[in-house]
Amino acid sequence: MKIMGRDIKIFSGNANKKLAQKICDEIGVSLGDSNVTTFSDGEISVAFNETVRGADVFVIQPTCPPVNENLMELLIMIDALKRASAGRINAVIPYYGYARQDRKIKARDPITSKLIADLLSIAGADRIVTMDLHATQIQGYFDIPVDHLLGGPILAKDVVSRLNKDTVVVSPDIGGVRRARNFGSILDLPIAIIEKRRPKANVSEVMNIIGDVKDKDVVIVDDIIDTAGSMTRAAEVLKDFGAKDVYAACTHAVLSGPAIERLENSVIKKLIVTDTLPLSERKEIDKIESVSVSSLFGEAIKRIHENQSVSKLFD
Ligand code: R5P
């Protein structure tokens, strides 16, 4: 299919083919013909079975678990497209993994979010399209354009029907205050903040609450649920401080390790997530509902291809 005189082609790695197909359906194009397989020794093999010469190519691949596999698939696909003379290579990364190591906290720490940005550029990406980066300043780790979409409005639209007027939007940590404030302003609700300290990776310790949650329903908003430690502890402390029903909304449902068990046993009534990552059958529990980001990504891809404003999507 041609839009604006230049071919648009959309391909997917193996990370989230369902989302890639939905995005193609939104745009009205067929998913490009490619295969990503592995050699017997585990190395990744990529084949594009149609020409991409001169085309505006979008590769959809969240770098979710298995993160190293999915990342390498993406890098190798970009390399193949570059060598096949694609006109422009747009890496569509609905979930940008390795983002949480975004600064040196102690001596000799790596900064993986910058390393991945460098790898993508060196492989040949001309543009990144992503959603809810763990820290928005990661955009600056790239020297190519980054279109940063927001999941908040999609989650807020879904969650609003479940909430009453006396609900408080809660940030589970100081770093998420802006996200909670934006969410609160979409729904015209006040916010509260959980102040916590994290003694080591994937272990969180809730300390205190800034704001009033007593006798109110709450909705905790976060970018990522990984082991669900932060979210379930946040829910408990909110109950301790007198909150009534606890809802949660989160863009990227990584749900690794003990996450599902923790969520099942938690006081959280409903968790709304998006489909930036695929939810495996094992992770499909009644408490979790998923809303799709496909129409937003579809519209963004169309606009990027037609050189139209993407920020218009948030007006
Ligand atoms: C932390 O800064 C993030 O926003 C998430 O709260 C955190 O990464 C979630 O991890 P987990 O679910 O393992 O507590």
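Which residues in α2 meet which residues in α3? In this predicted model, whose residues are numbered from 1 along each chain as its sequence is written, local features need pLDDT of at least 70, side-chain atom pairs count only at pLDDT 80 or more, and totals for chains, interfaces and linings use all residues. Side-chain values use heavy atoms, with hydrogens and water left out.

From α2, the residues Leu71, Leu74, Leu75, Ile78, Asp79 and Lys82 meet Ile116, Leu119, Leu120, Ile122 and Ala123 of α3. Contact here means heavy atoms within 4.5 Å, and the helices (H or I, at least four residues) and strands (E, at least two) are DSSP runs numbered from the N terminus. By class, this contact has 9 nonpolar, no polar and 2 charged residues; Ala, Val, Leu, Ile, Met, Phe, Trp, Tyr, Cys and Pro count as nonpolar, Asp, Glu, Lys and Arg as charged, and the others, Gly among them, as polar.

Two packed helices are described by the angle between their axes and the distance between the axes. Axes are lines fitted to C-alpha atoms, for helices over the stretch in contact, and angles run from 0 to 180 degrees between N-to-C directions. The axes of α2 and α3 come within 8 Å and cross at roughly 25 degrees, which means that α2 is roughly parallel to α3. Angles under 35 degrees count as roughly parallel, over 145 as roughly antiparallel, 65 to 115 as roughly perpendicular and the rest as oblique.

Next come helices α1 (residues 17–27) and α8 (residues 294–305), whose axes come within 8 Å and cross at roughly 55 degrees, so α1 is oblique to α8. Their crossing is right-handed; a crossing is left-handed if the near helix is turned anticlockwise from the far one by less than a right angle, and right-handed if clockwise. Here Leu19, Lys22, Ile23, Glu26 and Ile27 of α1 meet Ser294, Ser295, Phe297, Gly298, Ile301 and Lys302 of α8. The contact comprises 5 nonpolar, 3 polar and 3 charged residues.

For α4 (residues 152–159) and α5 (residues 177–187), the axes come within 10 Å and cross at roughly 45 degrees, so α4 is oblique to α5. This crossing is right-handed. Gly152, Pro153, Leu155, Ala156 and Val159 of α4 meet Phe183, Ile186 and Leu187 of α5, a contact of 7 nonpolar, 1 polar and no charged residues.

The view can now widen to the domains. The assignment, which is automatic or from a database, gives domain 1 (2–150 + 294–314) and domain 2 (152–291). Their centres, taken over C-alpha atoms, are separated by 27 Å, and 16 residues of domain 1 are in contact with 15 residues of domain 2. The area buried between the domains is about 1400 Å², with carbon and sulfur atoms giving 57%. Tyr95, Arg100 and Asp132 supply 36% of the area that domain 1 buries against domain 2, more than any other three residues. Buried area is the accessible area (1.4 Å probe) that two parts lose on being put together, summed over both.

Two details of the backbone complete the picture. Most residues other than glycine have a negative phi, and most peptide bonds are trans. Pro65 and Pro66, however, are joined by a cis peptide bond with omega of about -5 degrees, and Pro66 lies in the loop between β5 (56–60) and α2 (67–83). Arg108, though not a glycine, has a positive phi of about 70 degrees; Arg108 is in the loop between β6 (88–93) and α3 (112–123).
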